[in-house]
Amino acid sequence: MGYGKYVKALYKNKESMKQLGDILMARKMAWRREGPVVRVEHPTRPDRAREYGFRAKQGFIIIRVKVRRGGLHKKRPSRGRKPAGMAIHKITAGKSIQRMAEERAQDHYQNLQVLASYWVMADGQHKWYEVIMVDPHHPAIVSDRKIGWLAKEHKGRVYMGLTPAGKKGRGLRYNGKGSEKNRPSIKSKGRLAK
């Protein structure tokens with residue numbers, strides 16, 4: 001197994017995660033004091049970053065984003081409802097928290113493009129995601145055969161749902177029966193898919 005496979009196995013094994021408990025706790029305490037959008041030198045999970053196309057070369061940037069976790073709440077109606085029909089709790093947004101993290105990173109670094117993102121850590125109040133961003137004007141990116149397409153197209157791709165998290169939220173991971181109304185988009189089908 002290569003280095004990446006060992007790191008992946010480390011995050012999937014509960015026993016190994018227990019052994020890392022002190023390190024993870026110290027990391028959480030430090031991250032809680034940081035701002036919501038922080039640029040980091042190296043990816044915390046190099047295996048996930050490599051899966052999404054990150055390489056340790058000029059033009060690639062890693063941003064760690066802290067976002068709230070949990071569903072939404074609405075104001076309690078004053079009258080005219082059964083308690084079961086008040087619809088106060090368990091209200092979820094139409095967009096995932098991971099997509100919100102990607103958009104906040106894009107708002108903060110407007111000259112870069114979001115390639116993908118992955119989950120890093122969570123506690124009772126927040127979730128942390130690391131967002132892989134690419135400088136589309138950097139010569140090392142423009143001349144790269146693997147990632148050079150990002151320099152020519154997909155401007156503002158995170159807002160159009162073209163990242164892996166965006167495609168998952170739009171239901172584009174599936175083909176065939178049951179996904180007829182997901183393409184070309186949910187909006188064009190009269191919002192019948194969700």
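Some ground rules before the structure. Residues are numbered from 1 along each chain as its sequence is written, and because the model is predicted, local features need pLDDT of at least 70, side-chain atom pairs count only at pLDDT 80 or more, and totals for chains, interfaces and linings use all residues. Side-chain values use heavy atoms, with hydrogens and water left out.

Four strands make an open sheet, ordered 1-2-4-3, with antiparallel pairing. Strand 1 (37-40) and strand 3 (113-122) are the edge strands, each pairing on one side only. From one strand to the next, the twist averages 25 degrees. Two terms need explaining here. Helices (H or I, at least four residues) and strands (E, at least two) are DSSP runs, numbered from the N terminus. Two strands pair if DSSP finds at least two bridges between them.

Now look at strand 3 and strand 4 (residues 126-134). They pair in the antiparallel sense over eight bridges, and they form a hairpin with three residues between them. Which residue of strand 4 is the bridge partner of tryptophan 119? That is tyrosine 129. Likewise, alanine 116 has isoleucine 132 in strand 4 as its bridge partner.

How many of the 10 residues of strand 3 are buried? Nine are, so strand 3 is largely enclosed by the rest of the structure. Buried means under 20% relative accessible area, exposed means over 50%, and partly exposed is in between (1.4 Å probe, protein chains only).

Next, the helices. Helix 3 (residues 21-33) lies across strand 2 (60-68), strand 3 and strand 4, and runs at about 120 degrees to strand 3. Helix 5 (residues 97-108) lies across strand 1, strand 2, strand 3 and strand 4, at about 125 degrees to strand 2. Contact here means heavy atoms within 4.5 Å. Axes are lines fitted to C-alpha atoms, for helices over the stretch in contact, and angles run from 0 to 180 degrees between N-to-C directions.

On to the rings. The structure has two aromatic pairs. In one, tryptophan 31 and tryptophan 128 have ring centres 5.9 Å apart and planes at 55 degrees, so the pair is tilted. Tryptophan 31 belongs to helix 3 and tryptophan 128 to strand 4, so this pair ties together parts 97 residues apart in sequence.

Last, the backbone. Most residues other than glycine have a negative phi, and most peptide bonds are trans. Alanine 87 is not a glycine, yet its phi is positive, about 55 degrees. Alanine 87 sits in the loop between strand 2 and helix 5, and counts as partly exposed at 41% relative accessibility. Lysine 90 is found in the loop between strand 2 and helix 5, with a positive phi near 55 degrees. Lysine 90 is exposed, at 82% relative accessibility. Finally, a cis peptide bond joins arginine 183 and proline 184, with omega about 0 degrees. Proline 184 is in the segment after helix 8 (164-169).

Note on methods. Rings of Phe, Tyr and Trp (its six-membered ring) pair if their centres lie within 6.5 Å; planes under 30 degrees apart count as stacked, over 60 as edge-to-face and the rest as tilted.
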